[in-house]
Each structure stands twice: as C-alpha cells, then as structure tokens.
Amino acid sequence: MILECTGARQLVLDAMMRIGIDGIVCLVGVSAPGQVQSFDVGDFNRRSVLQNTVVLGSVNANVRHYEIGAAALSAADRDWLSRLITRRVPLQRWQEAFERRPDDIKVVIEFAQP
C-alpha cells in the first residue's frame, strides 16, 4: 500500500505506475491543476485490471465525521463487529500479521495486551 500525502504531481504519477500486484495507492494530498503530463492510460488500465490494483482518493474528515463514525460503531452489533477481526498478533510477532491466511478478514497488531 502506498499512502501519497504530498500531492506532488510526479510522486502521484510514480506511485500509480509503481503499484504492485494487489496493491493500493491512496491519494490524500491535493495537486495543483494546470500541468499536463504524459500518461499511458491504456497501459495503466491494463495493469490495474490484470494485477488487481486500486487507486483511490480520500478527503480528510473533520471532528464531526469522526464523531459520527464513532457513534455508528458504538451502535453496531458487537458480535458482528468482533467477527470481523479474525486474528490478533502481538507486536513482537508483527510479521505474522502480513502473512495471508484463507479466512482472514481483519488482522490486528496488538501493541498491548487487553
């Protein structure tokens, strides 16, 4: 996963062109308009589809948005939420969190034991 925060045109383009198989590029910086760069859309589209990649943009949320999200999570069914976390890995074994397992939904790295 690449989290591009600068909005620098060349870095955005480099991130999109260097994304690996099953990779994600999340653009959170904003680029200034007006500069045109050469970009092979066909090549990018082909690689994106065949390599199962994602490029997405996200705008920063404000405090109200986080409060709404927290309220929605608080009201959600706890049993359902707990089933979304399929593995918990202690910080000392963080590498295990990145090993794909067939039943994984969400793997959490625990910094402290509950």
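1. The structure is a predicted model. The points that follow should be read accordingly.

2. The nonpolar core. The largest nonpolar core consists of seven residues, namely Val 12, Ala 15, Met 16, Ile 19, Val 25, Leu 27 and Phe 44. Two elements, H1 and S2, each give two or more residues to this core. The greatest contribution is that of H1, which supplies three residues.

3. The buried side of helix H1. Which residues of H1 are buried? They are Val 12, Leu 13, Ala 15 and Met 16. When H1 is viewed down its axis, these buried residues fall within an arc of 160 degrees, so they line one face of the helix. In an α-helix there are 3.6 residues a turn, so residues three or four places apart point the same way. The cover over the buried residues of H1 includes strand S1 (2–4), S2, H2 and S3. For Ala 15 in particular, the contacts beyond its neighbours within four places in sequence are with Ile 2 and Val 25.

4. A buried residue in a loop. Thr 53 is located in the loop between H2 and S3. Is this residue buried or exposed? Thr 53 has a relative accessible area of 14%, and because buried means under 20%, it is classed as buried. Apart from neighbours within four places in sequence, Thr 53 is in contact with Ile 19, Gly 20, Asp 22, Gly 23 and Ser 48.

5. A search of the whole structure finds seven salt bridges. Asp 22 is partly exposed, at 33% relative accessibility, whereas Arg 100 is exposed, with a relative accessible area of 69%.

6. Asp 43 and Arg 47 form a salt bridge through their side chains, at 3.2 Å from N to O. Both residues belong to helix H2 (residues 41–50) and stand four residues apart, about one turn of the helix. Asp 43 is partly exposed, its relative accessible area being 31%.

7. A further salt bridge. Arg 93 and Glu 96 are also paired in this way, with their closest N and O atoms 2.8 Å apart. Glu 96 counts as partly exposed at 22% relative accessibility. Arg 93 is likewise partly exposed, with a relative accessible area of 42%.

8. A nonpolar surface patch. Met 1, Leu 3, Ile 24, Val 54 and Leu 56 make up a nonpolar surface patch of about 460 Å². Among them, Leu 56 is found in strand S3 (residues 54–57). The relative accessible area of Leu 56 is 34%, and this residue is therefore partly exposed.

Methods:
Residues are numbered from 1 along each chain as its sequence is written. This is a predicted model: local features need pLDDT of at least 70, side-chain atom pairs count only at pLDDT 80 or more; totals for chains, interfaces and linings use all residues. Side-chain values use heavy atoms; hydrogens and water are left out. Patches are made of residues with over 30% relative accessible area and no salt bridge: like charges are joined within 9 Å, nonpolar side chains (Val, Leu, Ile, Met, Phe, Trp, Tyr) within 5 Å. Accessible areas come from the Shrake-Rupley method with a 1.4 Å probe; for residues, only the protein chains shown count as cover. A salt bridge is a side-chain nitrogen of Lys or Arg within 4 Å of a carboxyl oxygen of Asp or Glu. Buried means under 20% relative accessible area, exposed over 50%, partly exposed in between (1.4 Å probe, protein chains only). A nonpolar core is a set of buried Ala, Val, Leu, Ile, Met, Phe, Trp, Tyr and Cys residues joined through side-chain atoms within 4.5 Å. Contact means heavy atoms within 4.5 Å. The arc is that of the directions from the helix axis to the C-beta atoms.
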